[in-house]
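Here are a few friendly notes to read alongside the model.

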Amino acid sequence: GIGKLCDALSCYVEEKRNGSFELKMTYPSFGLHAEDLIEGNIILAKPAERTTVQPFRIYKITTPLTGLLEVCARHIQYQENFITVSPFSAVGSQAAMAAIASHVTTPCPFTFWTDIDSSATFTITTPATVRGCLGGMDGSMLDTYGGEYEWDMYMAKLHGHRGADRGVKIVYGKNLIDFKMERNIENMITGVH
């Protein structure tokens, strides 16, 4: 890499279950590597205490009058939105994961893994993106087999269950103090295959 971002004032990673996985960082514009923080570059960050470092690609940088850069980056797995898959059908979760990798139409640096053992049929009838096949469209792997995704570097892991059940219940007014519903069309892409 280019170097450590030791001047960063804050750096937070937020991962939502089967959803977004993003990094937000505040960095001074006079910092040692401020000129290297440009769209498209990758930041390696450790998102949680018990995980390894993960690559996040910078997609947005804002510079308010304060002179502090606000850097937004998404996990490298978002690159799967730009890799297309030809139509196919596969019986079983293991075969479906292998078929996604073998039916990509452009070079794909990603690997796919699952511990789910299901014999359900997975079918893609029209060209789609890798990320769409995994969980971003009707009839995706997530719809067909269920489970929870873990994004680990360039590997997409579909677990039957991720984490552990600690017996904690979320109850409004007790340990749930706020709720926000969000609607977003950011991932709507029209493309030609």
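1. Which side chain meets Glu80 in a salt bridge? The partner is Arg131, at 4.0 Å from N to O; a salt bridge here is a side-chain nitrogen of Lys or Arg within 4 Å of a carboxyl oxygen of Asp or Glu. The two sit 51 residues apart, Glu80 in the loop between S5 and strand S6 (84-85) and Arg131 in helix H2 (residues 130-136). Helices (H or I, at least four residues) and strands (E, at least two) are DSSP runs, numbered from the N terminus.

2. A word on the basis: this is a predicted model, with local features needing pLDDT of at least 70 and side-chain atom pairs counting only at pLDDT 80 or more, while totals for chains, interfaces and linings use all residues. Residues are numbered from 1 along each chain as its sequence is written, and side-chain values use heavy atoms, leaving out hydrogens and water.

3. Glu80 is buried at 0% relative accessibility, and Arg131 is buried at 13%. Buried means under 20% relative accessible area, exposed over 50%, partly exposed in between (1.4 Å probe, protein chains only).

4. By this rule there are 4 salt bridges. One of them joins Arg74 and Glu22 at 3.3 Å, N to O. Arg74 lies in strand S5 (residues 68-75) and Glu22 in strand S2, so the pair ties together parts 52 residues apart in sequence. Both Arg74 and Glu22 are buried.

5. Glu148 pairs with Arg17, their closest N and O atoms being 3.1 Å apart. Glu148 is buried at 15%, whereas Arg17 is exposed at 66%.

6. Finally, helix H1 (residues 93-102) has Ser93, Ala96, Met97, Ala99 and Ile100 as its buried residues. They cover an arc of only 160° around the axis, which puts them on the same side of H1; the arc is that of the directions from the helix axis to the C-beta atoms.
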